[in-house]
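Hello,

Here is the structure I promised to pass on. Please have a look through it, and then read on for what turned up.

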Amino acid sequence: MKPDKCWTLQTIAGIPYILPFGQAIADLKRGILVNGTGAFLWEQLQNDPTREELLSAFAAHYQAAEQELPQFKRDLDEFLAQLTALGILSAEACAAPPVSPADRPAENHEITGALPSPQEHFSEIGGLSVRFAEIGGLSVRLVGPASAFAPEFEPFSSPPRSKTDLTVEIVTAFPRDSFADAPFLIRHPELTVQDCRDRYLLHFPQAPQIREVHLTKDGAAARFFCAPPFEEPLVTDLFHAIRLAYLYLAQKRGIFALHSASILYQGKAWLFSGHSGAGKSTHTKIWNRLFETPVLNGDLNLLTIRNKQPMVCGLPWCGTSGISTTEDYPLGGIILLKQAMHNLCLTPEPDRQVLLLSQRFISPVWTREQLEINLQFAHALTSLAPIRHLSCTKEDEAALYMKKQIDAGF
């Protein structure tokens with residue numbers, strides 16, 4: 001009886017949570033808050049016990065008396081039922097006897113075809129356009145047909161340099177190696193991710209002209225195999241696919257993307273984040289209309305910490321808003337929006353601040369390590385900037401109310 005591999009126990013501000021990553025994120029699974037007992041049982045489940053073994057360990061740990069065993073069994077059944085309902089533990093796993101190691105099928109993680117070295121595979125290709133960009137403090141070299149790169153990159157152009165943080169290559173050749181047997185980390189209608197030892201293999205099913213993408217695990221290089229012509233559909237798909245390669249490297253460098261709209265007020269960037277339809281774009285537009293506060297980005301913002309100062313960095317990606325900036329600004333605060341019939345600003349508990357922030361990041365969560373990195377950054381951010389929860393309407397009064405809260409120092 002072992003949980004799905006795409007779940008992990010994490011302690012946030014002293015509170016234990018069982019959280020999804022990888023395929024569980026792609027399947028839109030949600031995490032669960034547990035107490036100390038739940039955390040103990042979770043750790044025991046990692047050893048693949050039978051139900052009887054788990055109950056025995058549970059009772060022994062809490063030194064249960066004989067007359068207490070029925071209650072312990074009910075508590076255990078309730079916990080296992082909750083994990084099963086959330087898809088963390090399969091019903092078959094709960095009911096079936098354990099399979100001996102000799103009977104388990106071997107996992108095939110071998111990759112068909114030899115892997116060239118990253119230097120060979122991602123060497124510069126002659127005869128193509130080479131341009132440079134600076135995004136969020138990271139230097140990017142874009143190599144490929146000039147028509148392959150979206151005009152949104154132009155404002156971020158930078159002088160040529162001999163060494164860059166990320167090299168993006170666009171080629172029209174077919175991939176020469178087969179990675180069909182590489183294990184999948186993500187399977188989703190919009191993205192699949194396979195783990196290929198020294199790199200990740202990415203496919204974008206809804207972008208058929210992008211045959212596949214090879215992304216080195218150090219994040220330094222991404223090669224896009226494309227089918228021309230480089231007209232609007234492909235250029236748009238490439239623009240968004242390059243974002244994923246950039247965000248993978250940015251995460252490694254302590255830079256994270258938050259799904260949010262932002263304004264400039266009192267010399268600082270204020271981010272308004274929420275699920276689709278929560279009203280973040282409406283709210284920032286009201287600020288702009290009432291108080292003439294510039295909108296910095298209509299959909300996405302880069303966050304990092306420099307010298308203990310949270311910063312919001314400009315980037316070319318901004319959803320359908322068409323609003324972005326190349327500038328960096330100190331972070332004023334992050335407002336998590338929720339539609340309501342009234343306006344009320346509250347400070348979430350520390351663990352909720354970290355959890356809610358991390359859930360709004362669009363930085364990769366393909367692995368447990370990436371989830372932990374996101375949580376660590378969110379925790380650091382909550383100690384340096386105000387994080388608030390705003391229940392609000394979509395009327396002008398919501399912005400007036402929030403402005404008063406900010407002006408009063410929350």
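A disulfide here is a pair of cysteine sulfur atoms within 2.5 Å. This is a predicted model, in which local features need pLDDT of at least 70 and side-chain atom pairs count only at pLDDT 80 or more, while totals for chains, interfaces and linings use all residues. Residues are numbered from 1 along each chain as its sequence is written, and side-chain values use heavy atoms, with hydrogens and water left out.

Let me start with the cysteines. How many disulfides does a search of the whole structure find? The search finds 0. The sulfur of Cys-196 is too far for a bond, because the closest cysteine sulfur, in Cys-6, is 17 Å away. Cys-345 is in no disulfide either, and the nearest cysteine sulfur, in Cys-392, lies 9.9 Å from its own. Cys-196 counts as buried (under 20% relative accessible area, with exposed over 50% and partly exposed in between, using a 1.4 Å probe and protein chains only), as its relative accessibility is 0%. Cys-345 is also buried, at 12%.

Next, the strands. Helices (H or I, at least four residues) and strands (E, at least two) are DSSP runs, numbered from the N terminus. Two strands pair if DSSP finds at least two bridges between them. Strand E14 (residues 268-273) has 5 of its 6 residues buried, so the rest of the structure largely encloses it. E14 runs antiparallel to strand E13 (residues 261-265), with 5 bridges joining them, and parallel to strand E18 (residues 329-339), again through 5 bridges. Trp-270 in E14 stands opposite Ile-263, and its bridge partner in E18 is Gly-333. The hairpin of E13 and E14 has 2 residues between the strands, and Gln-266 there takes a positive phi near 55°.

H7 (residues 232-252) has 21 residues and spans 31 Å from first C-alpha to last, close to the expected 30 Å (1.5 Å times one less than its number of residues). After H7 comes Gly-254, with a positive phi near 80°. H7 also gives the most to the lining of the largest pocket, with 6 residues. A pocket is an open set of points on a 1 Å grid over the protein atoms alone, where a 1.4 Å probe fits, with protein on both sides within 12 Å along at least five of seven lines; lining residues have an atom within 4 Å of a point. Of the 42 residues that line this pocket, those closest to its centre include Glu-190 and Phe-361.

Best wishes
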